[in-house]
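Take a moment to look over the sequence and the structure before reading on. The paragraphs below go from single residues to the whole chain.

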Amino acid sequence: MSLVYKTVVSAVDKIVPAKLQPLWSHPAGPKTIFFWAPAFKWGLVMAGIGDLTRPADKISLPQQGALSATGLVWARYSLVIIPKNWSLFSVNVFVAITGLYQLQRAVRYQQSLKASESAEAGKAQVQPASA
């Protein structure tokens with residue numbers, strides 16, 4: 001696999017315009033996993049955006065909590081490594097934002113269920129028993 005990758009990169013090296021050479025040869029550029037991992041991680045962001053139409057009762061709290069936490073942790077990590085990986089930072093900020101938004105929707109839904117159950121229980125206690 002490494003031979004195929006090296007062959008492709010050396011072939012593309014020849015056709016990359018001079019203006020794009022700094023980006024192409026950057027330590028976190030397209031020649032490295034530091035570019036491709038965040039590029040593919042945008043799929044998680046797209047899935048999170050697609051889930052915005054999902055009913056709140058179908059949202060998994062543990063899943064959204066995990067996505068939010070990993071987004072925050074990896075966003076922080078991307079700023080302390082050398083070289084700073086801004087593409088990794090940006091994708092993880094968006095993963096965290098979509099996860100936190102979905103988490104907020106699910107928690108609000110759970111709270112509304114508890115409030116409606118409490119209201120129904122209160123009404124049942126207040127109504128007089130019929131004789």
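In which helix does Asn92 lie? The model is a predicted one, and in this model Asn92 is part of helix H5. The relative accessible area of Asn92 is 0%. Buried means under 20%, so Asn92 counts as buried.

What surrounds this residue? Setting aside neighbours within four places in sequence, Asn92 is in contact with Lys41, Thr70, Gly71, Trp74 and Ala75. A distance can be given for another pair: the C-alpha atoms of Asn92 and Trp42 are separated by 8.7 Å, although the two residues are 50 apart along the chain.

Helix H5 runs over residues 86-126, and Thr98 lies in it too. Is Thr98 buried or exposed? With a relative accessibility of 13%, Thr98 counts as buried. If residues up to four places away in sequence are not counted, Thr98 touches Val45, Gly48, Ile49 and Gln64.

One of these partners, Gly48, can be followed in turn. Gly48 is found in helix H3 and has a relative accessibility of 13%, so this residue is also classed as buried. Which residues does Gly48 touch, not counting those up to four places away in sequence? They are Thr98 and Gln102. The C-alpha atoms of Gly48 and Gln102 are separated by 8.0 Å, while 54 residues separate the two along the chain.

Next come the charged side chains. Side chains of opposite charge can pair when their charged atoms come close. How many salt bridges does a search of the whole structure find? The search finds two. One of them joins the side chains of Asp13 and Lys31, at 3.2 Å from N to O. Asp13 lies in helix H1 (residues 2-13), and Lys31 lies in the loop between helix H2 (21-24) and helix H3 (33-50), so this pair ties together parts that are 18 residues apart in sequence. Asp13 has a relative accessibility of 27% and counts as partly exposed. Lys31, with a relative accessible area of 25%, is partly exposed as well.

In another salt bridge, the side chains of Arg54 and Asp51 meet at 3.5 Å, N to O. Arg54 counts as partly exposed at 37% relative accessibility, and Asp51 is partly exposed at 22%.

Counting charged side chains over the chain gives 13 positive and 5 negative ones. The centres of these two sets lie 15 Å apart.

Now consider the chain as a whole. How many helices and strands does the chain have? There are five helices and zero strands, and along the sequence the pattern reads α-α-α-α-α. The radius of gyration of the chain is 24 Å, well over the 14 Å that the globule rule gives for 131 residues, so the chain is more spread out than a compact globule. Along its principal axes, the C-alpha trace spans about 95 × 25 × 25 Å.

Among contacts between residues at least 6 apart in sequence, 65% join residues at least 24 apart. The accessible surface of the chain comes to about 9,300 Å², and 70% of that surface belongs to carbon and sulfur atoms.

Key
Residues are numbered from 1 along each chain as its sequence is written. This is a predicted model: local features need pLDDT of at least 70, side-chain atom pairs count only at pLDDT 80 or more; totals for chains, interfaces and linings use all residues. Side-chain values use heavy atoms; hydrogens and water are left out. Helices (H or I, at least four residues) and strands (E, at least two) are DSSP runs, numbered from the N terminus. Buried means under 20% relative accessible area, exposed over 50%, partly exposed in between (1.4 Å probe, protein chains only). Contact means heavy atoms within 4.5 Å. A salt bridge is a side-chain nitrogen of Lys or Arg within 4 Å of a carboxyl oxygen of Asp or Glu. The radius of gyration is taken over C-alpha atoms; the globule rule is 2.2 Å times the number of residues to the power 0.38. Accessible areas come from the Shrake-Rupley method with a 1.4 Å probe; for residues, only the protein chains shown count as cover. Lys and Arg count as positive and Asp and Glu as negative; His and the chain ends are not counted. The place of a charge is taken as NZ of Lys, CZ of Arg, CG of Asp or CD of Glu.
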